[in-house]
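This report describes one protein chain, moving from a single residue to the chain as a whole. Please keep the sequence and the structure in view while reading.

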Amino acid sequence: MIVFDLSCGEGHRFEGWFGSSDDYAAQQAEGLLTCPQCGSEEIGKAPMAPSVPAKSSTREAGGDTGTQLAKGNMPVEVKKAFETLARAQSKALESSTWVGDQFAEKAREMHYGEADEAPIHGRATRDEAEDMVAEGISVAPLLVPVAPPDELN
């Protein structure tokens, strides 16, 4: 994992966690990065202070956080937070039906009374999601990626 300080065109600063620098570049190129405060898609890396490790005599056996992340280790607190989030999302999806790439179509059918309302989850493009929001359809992204049922082991 790598952590970048990011900022939007409006000057809001926030952190982004990525598997690698290439992951960051790919997400930025695909327009997947947005500001959590204002939704701006004009995102760039903010200047970062260098990581200065503690003196070796005071450093813990596990190393500093930067070293842990460089080795692919996630800090325990972050790992616990992701696990808690994943469990909560999994629990919420237990009563939801996977509709795959037909998410936008199914959500519209329910919104306009053409189908009974029921909890669903699936895939939608960014444009589809923005169009649904503009139509007054309540949608929200899943915070933890979900494998489609047909792709599970």
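Does His 121 count as buried or exposed? The model in which this is examined is a predicted one. His 121 has a relative accessibility of 10%. Buried means under 20% relative accessible area, so His 121 counts as buried.

**The surroundings of His 121**

His 121 belongs to strand 5, which covers residues 120-122. When neighbours within four places in sequence are left aside, the residues in contact with His 121 are Leu 93, Ser 96, Thr 97, Trp 98, Val 99, Gly 100 and Phe 103. One of these, Phe 103, also takes part in the contact between helix 4 and helix 5.

**Ser 20 and helix 1**

Ser 20 is found in the loop between strand 2 (13-18) and helix 1. Its relative accessibility is 27%, and Ser 20 therefore counts as partly exposed. At the start of helix 1 (residues 21-29), a side-chain oxygen of Ser 20 comes to within 3.3 Å of the backbone nitrogen of Asp 22. Ser 20 and Val 3 are separated by 17 residues in sequence, while their C-alpha atoms lie 8.9 Å apart in space. Just after helix 1, Gly 31 adopts a positive phi of about 70°.

The two residues whose accessibility has been discussed are set out below.

| Residue | Relative accessibility | Class |
|---|---|---|
| His 121 | 10% | buried |
| Ser 20 | 27% | partly exposed |

**Helix 4 and helix 5**

The axes of helix 4 (residues 103-111) and helix 5 (residues 126-134) come within 10 Å of each other and cross at roughly 10°. Because angles under 35 degrees count as roughly parallel, helix 4 is roughly parallel to helix 5. On the side of helix 4, the contact is made by Phe 103, Ala 104, Ala 107 and Arg 108, and on the side of helix 5 by Glu 128, Asp 131 and Met 132. Sorted by class, this contact contains four nonpolar and three charged residues, with no polar ones.

**The chain as a whole**

The chain has five helices and five strands. Along the sequence, they follow the pattern β-β-α-β-α-α-β-α-β-α. Of the 153 residues in the chain, 21% are buried. Among contacts with a separation of 6 or more, 45% are between residues 24 or more positions apart. The accessible surface of the chain amounts to about 10,800 Å², and carbon and sulfur atoms account for 51% of it.

Key
Residues numbered from 1 in each chain as written. Predicted model: local features only at pLDDT ≥ 70, side-chain atom pairs only at ≥ 80, totals over all residues. Heavy atoms only, no water. Helix = DSSP H or I, 4+ residues; strand = E, 2+ residues; numbered from the N terminus. Buried < 20%, exposed > 50% of the residue type's maximum accessible area, 1.4 Å probe, protein only. Contact = heavy atoms within 4.5 Å. Polar contact = N/O pair within 3.5 Å; in protein donor to acceptor, adjacent residues only side chain to side chain. Axes fitted to C-alpha atoms, helices over the stretch in contact; angles between N-to-C directions. Parallel < 35°, antiparallel > 145°, perpendicular 65-115°, else oblique. Nonpolar A, V, L, I, M, F, W, Y, C, P; charged D, E, K, R; others polar. Areas by Shrake-Rupley, 256 points an atom, 1.4 Å probe, with all protein chains shown as cover.
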